[in-house]
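Thanks, everyone, for making the time this morning.

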Amino acid sequence: MSTDTLPNPEKNPAKGDGELIRLEQVTKRFGQNTVLDHLDFSVEAGKHVTLIGPSGSGKTTILRLLMTLLKPDEGTITVDGQKLFPASDKEVREVRKKIGMVFQQFNLFPNMTVLRNITEAPVTVLGMSKDEAVERAKGLLEMVGLADKCDAHPAQLSGGQQQRVAIARALAMRPQVLLLDEVTSALDPELVAGVLDVLRDIARSTDITMLCVTHEMNFARDISDQVLMFDSGRIIEAGAPEKIFSEPEKDRTREFLSAVL
Amino acid sequence: MNWDWSAVSDFMPDFWKGLLVTLQILLLGSLISFVLGLVWALLMRVPSRWVTWPVGAVTEFVRNTPLLVQLFFLFYVLPEWGLTFSALSTGVFAIGLHYSTYTMQVYRAGIEAVPVGQWEAATALNLPLRRTWTAVILPQAVRRVIPALGNYVIAMLKDTPMLMAITVLEMLGHARLFSQEHFQFTEPLTVIGAAFIVISYLASLLLRALERRLVH
Amino acid sequence: MTSGLWELVLKGVWVTIQLLVCSALMAAAVSFVVGVARTHRLWIVRFLAGFYTEVFRGTSALVMIFWVFFVLPPAFGWQLVPLWAGTLALGLTYGAYGSEIVRGALSAVDPAQKEGGIALSFTPWQRMRLILLPQAVPEMIPPFSNLLIELLKGTALVSIMGMGDLAFSGNLVRLALQESAEIYTYILLIYFVIAFLLTRVMRGLEKKLKGGVGKPVGSTADQELSRPQTTGVGGAVS
């Protein structure tokens with residue numbers, strides 16, 4: 001694998017010794033339903049954090065708040081020193097450039113080829129030259145094992161292939177943070193391993209910060225520096241994966257793990 | 001722009017007469033289009049090319065050519081063939097015929113939207129074909145097509161001024177007559193323009209309410 | 001019919017085609033500007049665009065033509081050339097219907113596509129240009145094809161204003177021959193042929209635009225029943 005296609009190490013000056021993301025007293029409601037309840041937590045640069053917990057516990061909402069797809073009702077969110085709400089459109093877009101997201105349903109653009117899905121944003125948003133963007137896109141496609149699919153349209157690919165393209169598309173923006181929102185939930189079981197292998201590779205060989213919502217506990221154990229257990233909009237337990245998965249403190253965590261493992 | 005309110009009040013008696021004729025055309029035209037459209041839609045399901053081909057061809061032709069020219073055709077040609085009707089009857093028939101080629105598509109879609117299982121269930125119960133249509137298929141189809149038919153009624157409303165071209169005195173006809181007699185064009189044309197906007201807006205509100213009630 | 005009368009009809013065909021092309025271009029421009037404005041995030045822009053649609057969709061095309069020919073000149077002091085007056089009246093009216101097509105197709109694009117665009121830091125306009133419009137435009141072709149046929153039929157209305165289009169030439173020939181059946185049959189046939197050709201062209205365009213994305217061509221029963229309110233924007237030659 002050629003490392004020059006991956007997020008650039010120099011771009012993360014805070015590497016391992018600074019806070020990149022901070023949520024303070026964040027509350028989010030949908031109608032009567034409080035999804036996040038005065039939540040506090042922070043993520044240091046370069047760390048891989050996995051959010052686990054029953055569905056509806058607010059994990060995905062955190063990722064969508066960070067990507068500015070949702071607004072919090074209360075509290076502040078800070079990314080790399082910039083507050084997200086309130087912020088000008090321009091400030092929000094600057095923050096978005098630092099964050100990449102991979103969605104459960106891939107959200108590839110069906111009107112573009114695989115290659116153009118990956119090159120479009122670097123060219124129009126970052127102002128990269130087309131040749132450079134294409135070259136990097138090809139490197140990324142090689143990394144995810146789809147070098148031969150450049151000219152295919154998303155509709156011609158399997159779910160697993162589409163998701164790997166979506167990962168390449170997110171990485172092409174050289175984000176400091178990668179948000180992974182249940183990226184294997186929509187896939188047929190036999191396609192899950194291919195996608196997770198790609199993500200393991202990225203976790204091992206780069207220093208990109210990862211925030212990951214998943215139900216794949218083995219994967220979470222492999223890549224995480226920290227695991228956060230959510231229930232009803234709160235973090236009820238946090239710690240290293242060895243600790244959470246082997247000797248959880250809370251009954252609720254034990255129940256959840258025995259149900260999914 | 002000079003606006004003369006007295007011209008508006010002078011025009012109002014004519015306006016009401018015109019409105020009455022417009023609504024009359026709309027009501028009768030709608031009825032014709034609802035009935036004829038259903039006839040076309042049912043004929044298109046007869047399993048014989050000798051029926052479907054001519055019906056399909058004629059309705060395509062009527063739908064894809066201007067109503068205005070069709071009005072001229074009926075208005076000038078029918079008397080040559082010895083058939084004389086009043087301008088109003090001719091106009092009502094023409095607009096009803098024209099729109100029946102649209103409503104037939106609505107009926108067709110409504111019939112196709114009835115699940116295949118309904119046909120199968122009717123067959124399994126050994127219902128005769130006539131009964132299958134009248135008791136099972138059409139009642140379900142009609143419910144689905146009412147909003148779409150309503151849209152065509154609103155569309156028809158906006159085509160009624162064309163009957164002016166064959167001497168029918170509906171709203172636009174009265175406005176033109178008034179304009180030519182008094183040399184005041186702005187007021188009557190604006191009044192009827194506003195009337196069309198108001199009527200079709202109210203009708204579409206009504207239709208949306210009806211649609212909500214039918215769907216839920 | 002004499003060759004002189006046929007020449008009259010051909011001139012009418014030419015006027016009809018000119019008017020059709022001009023008013024179609026104008027209607028397309030209005031459709032996209034107003035349709036995109038109706039998805040704008042500022043409520044005042046959405047409101048104004050929606051107001052435009054309701055007003056111009058609510059009015060009758062023929063009343064609009066009368067208004068542009070008789071009320072505009074004294075009120076604003078412009079005397080428009082008949083071709084431009086016809087283009088203006090038809091373009092504004094049919095553009096209002098078209099804006100509904102554009103709005104509908106844009107809002108039918110999966111909202112996840114918008115989120116994908118946000119996650120890649122595209123600006124709202126970049127999302128519109130690169131993601132939403134390219135996906136929505138192929139879906140607009142069938143309803144626009146129907147609207148184009150309606151517009152063709154609408155062009156006949158200018159004959160009432162004395163503009164020498166195809167329908168008007170029919171009236172002249174009727175007066176010359178004192179016989180109606182033959183000439184009106186020809187006129188209707190000519191309109192039908194033009195409509196047929198337009199439908200073919202639009203279907204080719206649809207195939208070309210949808211080809212890349214691998215989508216089916218044609219309309220379904222569901223689309224027929226959920227069509228937006230129209231001027232009788234119904235089916236076309238199939």
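Predicted model: local features only at pLDDT ≥ 70, side-chain atom pairs only at ≥ 80, totals over all residues.

For chain C the mean pLDDT is 87, and 89% of its residues reach 70 or more. The stretch to treat with care is residues 228-238 of chain C, where the pLDDT is below 50, although in the model this stretch has 58 contacts beyond near neighbours in sequence.

Now to the interface, where chain C contributes 51 residues and chain B contributes 52 residues. Together the two chains bury about 4300 Å², and 68% of that area lies on carbon and sulfur atoms.

On the polar side, eleven residue pairs are in polar contact between chain C and chain B, counting pairs with both residues at pLDDT 80 or more. There is one salt bridge between the two chains, and it joins the side chains of Glu54(C) and Arg208(B), with an N to O distance of 3.9 Å.

Which elements of chain C supply at least two residues each to the side that touches chain B? They are helix 2 (43-58), helix 3 (61-76), helix 6 (124-155), helix 7 (166-177), helix 8 (181-211) and helix 9 (221-225). Helix 8 of chain C gives the most, with nine residues. Taken by residue class, the side of chain C that touches chain B divides into 28 nonpolar, 15 polar and eight charged residues.

Terms used:
Residues numbered from 1 in each chain as written. Chains lettered and ligands numbered in written order. Heavy atoms only, no water. pLDDT = per-residue confidence, 0-100. Contact = heavy atoms within 4.5 Å. Buried area = accessible area lost by both parts, 1.4 Å probe. Salt bridge = Lys/Arg side-chain N within 4 Å of Asp/Glu carboxyl O. Polar contact = N/O pair within 3.5 Å; in protein donor to acceptor, adjacent residues only side chain to side chain. Helix = DSSP H or I, 4+ residues; strand = E, 2+ residues; numbered from the N terminus. Nonpolar A, V, L, I, M, F, W, Y, C, P; charged D, E, K, R; others polar.
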